[in-house]
Amino acid sequence: MSELTQAERIVIAGASGFIGRYLVKSFTAEGADVKLIGRHNADATWGDTAAITGLLDGANLLINMAGKSVVLRQTGLAVLVAHIGSFV
């Protein structure tokens with residue numbers, strides 16, 4: 001990553017994963033004002049529209065790393081496999 005020319009505000013949604021944590025660490029080391037949107041330990045949580053809007057207002061960059069939780073993906077896969085199995 002290149003050196004930032006000014007204190008930029010970077011908002012990262014879903015920064016709790018492996019790549020998100022790396023981005024937070026890297027941008028912070030370069031002097032960016034990094035703000036997080038997530039479920040836990042974030043500057044704004046999902047569902048708090050006013051807080052999310054406040055973070056995004058004037059932000060220089062938004063990075064969206066948010067996705068469904070592993071539990072939801074596994075549950076969805078189990079339902080899909082059960083559904084396919086009913087046709088076999």
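# Reading the sheet and its surroundings

Modeller: In this predicted model, four strands form an open sheet in the order β3-β2-β1-β4, with parallel pairing. β3 (44-45) and β4 stand at the edges, each with a single partner strand, so one side of each has no neighbour in the sheet.

Colleague: How do you know that β1 and β2 are paired, and in which sense?

Modeller: Two strands count as paired if at least two bridges are found between them. Between β1 and strand β2 (residues 33-38) there are five bridges, and the sense is parallel. Within this pairing, isoleucine 10 stands opposite valine 34, isoleucine 12 stands opposite leucine 36, and alanine 13 has isoleucine 37 as its bridge partner.

Colleague: What makes β2 and β3 a pair, and how many bridges join them?

Modeller: The requirement is at least two bridges, and β2 and β3 have two, in the parallel sense. In one of the contributing positions, isoleucine 37 has alanine 44 of β3 as its bridge partner.

Colleague: Why is strand β1 called mostly covered?

Modeller: A residue is buried if its relative accessible area is under 20%, and in β1 (residues 9-13) four of the five residues are buried. The chain then crosses from β1 through helix α1 (residues 18-29) to β2, a β-α-β crossover that is right-handed.

Colleague: Why is leucine 61 called partly exposed?

Modeller: Partly exposed covers the range between the 20% limit for buried and the 50% limit for exposed. Leucine 61 has a relative accessible area of 37%, so the residue is partly exposed. Its place is in strand β4, and leaving aside neighbours within four places in sequence, leucine 61 is in contact with Arg9, Ile10, Val11 and Phe27. The C-alpha atoms of leucine 61 and isoleucine 10 are separated by 4.9 Å, although the two residues are 51 residues apart along the chain.

Colleague: Which class does aspartate 33 belong to, and why?

Modeller: Aspartate 33 has a relative accessible area of 32%, and therefore is also classed as partly exposed. This residue lies in strand β2 and, neighbours within four places in sequence left aside, is in contact with Glu8, Arg9 and Ile10.

Colleague: What makes asparagine 41 count as exposed?

Modeller: The limit for exposed is over 50%, and asparagine 41 has a relative accessibility of 79%, so it counts as exposed. Asparagine 41 is found in the loop between β2 and β3, and its phi is near 50 degrees, a positive value in a residue other than glycine. Most residues other than glycine have a negative phi.

Colleague: Which residues make up the largest nonpolar core, and what makes that set a core?

Modeller: Such a core is a set of buried nonpolar residues joined through side-chain atoms within 4.5 Å. The largest one has ten residues: Ile10, Ile12, Ala15, Leu23, Val24, Phe27, Ala32, Val34, Leu36 and Ile63. The elements that give two or more residues to this core are β1, α1 and β2, and α1 gives the most, with three residues. Apart from this core lies another, of six residues, among them Ala13, Ala44, Ile52 and Leu55. In soluble globular proteins, nonpolar side chains tend to be buried together.

Note on methods
Residues numbered from 1 in each chain as written. Predicted model: local features only at pLDDT ≥ 70, side-chain atom pairs only at ≥ 80, totals over all residues. Heavy atoms only, no water. Buried < 20%, exposed > 50% of the residue type's maximum accessible area, 1.4 Å probe, protein only. Right-handed = clockwise from strand over helix to strand, strands pointing away. Contact = heavy atoms within 4.5 Å.
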